[in-house]
Amino acid sequence: MVSFLEFEKPIAELEARVIELRATASAGDIDISGEIDKLEQRASKMLVDTYAKLTPWQKTQVARHPDRPHFKDYVAGMFDNFMPLAGDRAFSDDQAIIGGLATLGERRVMVIGHEKGDDTASRVRHNFGMAKPEGYRKAIRLMQLADRFRLPVVTLVDTSGAFPGVQAEERGQAEAIARSTEQCLALGVPMVAAVVGEGGSGGAVALAAANRVLMLEHAVYSVISPEGCASILWRTANRASDAATAMQVTAQHLKELGVIDRIVPEPVGGAHREPVQAIASLGAAIGEELDSLSSLSPQDLRTDRADKFLAIGA
């Protein structure tokens with residue numbers, strides 16, 4: 001069953017009607033296949049039309065959809081031979097960021113990303129994808145390992161932001177984010193980052209200062225959440241929709257601004273409707289970007305990365 005968002009209610013009603021008619025058709029002798037086909041076509045057209053004109057706030061809701069693929073789903077569907085590597089060798093293992101060695105096609109890579117979890121227990125275990133300093137220090141350790149063994153780095157970004165708790169601040173949250181960003185920029189191997197859901201503030205940039213930054217079609221990427229922005233500007237989170245529009249959080253806006261390099265199309269209705277197709281599309285896009293970077297020298301890769309980010313806003 002698909003979980004429907006608020007703006008999808010008309011689609012949900014049509015699809016529910018189709019299910020009812022199918023049950024009626026299977027229980028009786030009346031042929032209503034023609035009526036079912038018409039309703040299915042109407043539902044499909046409504047879905048296409050709705051997703052063709054999503055507002056930034058609606059895209060934010062899609063990016064946060066509970067059924068949207070998460071890191072573990074991408075690892076299972078996109079990579080082979082995944083070997084997780086745990087811990088920052090200083091404090092603990094932060095489950096909000098997971099990483100390890102894997103194979104993408106014929107290429108051995110280091111894959112690192114945020115994991116939000118998909119039920120109550122796993123969301124608590126992964127802290128809803130909000131990493132603490134030890135998570136970013138683990139990412140730094142894995143990037144350094146990849147650099148040493150000349151392995152490309154692939155990161156999958158999906159976080160509302162780094163964990164803002166007192167304990168994280170006491171352990172140097174800002175410093176850990178800064179050093180992780182610095183390590184991304186210092187890599188002498190190709191790095192491709194993909195924002196697959198939410199890209200929130202420094203918690204996202206710390207894994208996304210890459211040679212190529214991709215975004216799924218309905219992902220969002222911003223310096224602060226729309227609710228946080230609205231609370232600061234208008235003293236109420238109820239204007240989150242206005243904030244999302246003003247911040248230009250969508251992949252389409254960010255591509256125009258030069259913040260990202262490529263938009264990866266999603267299935268109609270979002271990645272949560274056809275996760276296998278969405279994961280395959282992203283895997284192919286990442287492979288193409290890694291191919292385009294494979295001939296560059298370590299210094300050229302660093303220069304390419306620096307030039308890319310210095311040009312933003314210029």
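Guide: A network of salt bridges links Arg64, Lys116, Asp158, Glu198 and Glu227. Keep in mind that this is a predicted model.

Visitor: Okay, how far apart are the closest N and O atoms of arginine 64 and glutamate 227?
Guide: They are 2.6 Å apart, and the two residues form a salt bridge.

Visitor: Which parts of the chain does that pair tie together?
Guide: Arginine 64 sits in the loop between α3 (56–63) and α4 (71–78), while glutamate 227 belongs to helix α10 (residues 226–233), so the pair ties together parts that are 163 residues apart in sequence.

Visitor: And what is the relative accessibility of arginine 64?
Guide: Arginine 64 has 28% relative accessibility, so it counts as partly exposed. Glutamate 227 counts as partly exposed too, at 24%.

Visitor: How many salt bridges does the count come to?
Guide: The count comes to 24 salt bridges. Arginine 212 takes part in one with glutamate 289, at 3.6 Å from N to O. That pair links distant parts of the chain, with glutamate 289 in helix α13 (residues 275–293) and arginine 212 in strand β6 (residues 212–216), 77 residues apart.

Visitor: Is glutamate 289 buried or exposed?
Guide: Glutamate 289 is buried, because its relative accessible area is 11% and the cut-off for buried is under 20%.

Visitor: What about aspartate 304 and arginine 212, how do their side chains meet?
Guide: They meet in a salt bridge as well, at 3.2 Å from N to O. Here aspartate 304 is in helix α14 (residues 298–310) and arginine 212 is in strand β6, 92 residues apart, so this pair also links distant parts of the chain. Aspartate 304 is partly exposed, with a relative accessible area of 23%.

Visitor: Switching topic: how is the protein divided into domains?
Guide: There is domain 1 (6–53) and domain 2 (60–311). Their centres, taken over C-alpha atoms, are separated by 36 Å. Six residues from domain 1 and eight residues from domain 2 make the contact.

Visitor: How much area do domain 1 and domain 2 bury between them?
Guide: About 600 Å², with 62% of it on carbon and sulfur atoms. On the domain 1 side, the residues that lose the most area to domain 2 are Phe7, Leu47 and Tyr51, which together make up 68% of what that side buries.

Visitor: And how many salt bridges are there between domain 1 and domain 2?
Guide: The count between them is one salt bridge. The count of residue pairs in polar contact between the two domains is also one.

Visitor: Which helices supply the side of domain 1 that touches domain 2?
Guide: α1 (9–27) and α2 (33–52) each supply at least two residues of that side. α2 gives the most, with three residues.

Visitor: Last one: what does UniProt list for residues 35–292?
Guide: An unreviewed UniProt entry lists them as "domain: CoA carboxyltransferase C-terminal". Over that stretch, residues 35–292, the chain is 47% helix and 19% strand, and the end C-alpha atoms are 50 Å apart.

How values were computed
Residues are numbered from 1 along each chain as its sequence is written. This is a predicted model: local features need pLDDT of at least 70, side-chain atom pairs count only at pLDDT 80 or more; totals for chains, interfaces and linings use all residues. Side-chain values use heavy atoms; hydrogens and water are left out. UniProt positions are given in the numbering used here, feature names are shortened, and annotations may be inferred rather than shown by experiment. Helices (H or I, at least four residues) and strands (E, at least two) are DSSP runs, numbered from the N terminus. A salt bridge is a side-chain nitrogen of Lys or Arg within 4 Å of a carboxyl oxygen of Asp or Glu. Buried means under 20% relative accessible area, exposed over 50%, partly exposed in between (1.4 Å probe, protein chains only). Domain bounds come from an automatic or database domain assignment. Contact means heavy atoms within 4.5 Å. Buried area is the accessible area (1.4 Å probe) that two parts lose on being put together, summed over both. A polar contact is a pair of N or O atoms within 3.5 Å; within protein, one must be able to donate a hydrogen and the other to accept it, and residues adjacent in sequence count only if both atoms are side-chain atoms.
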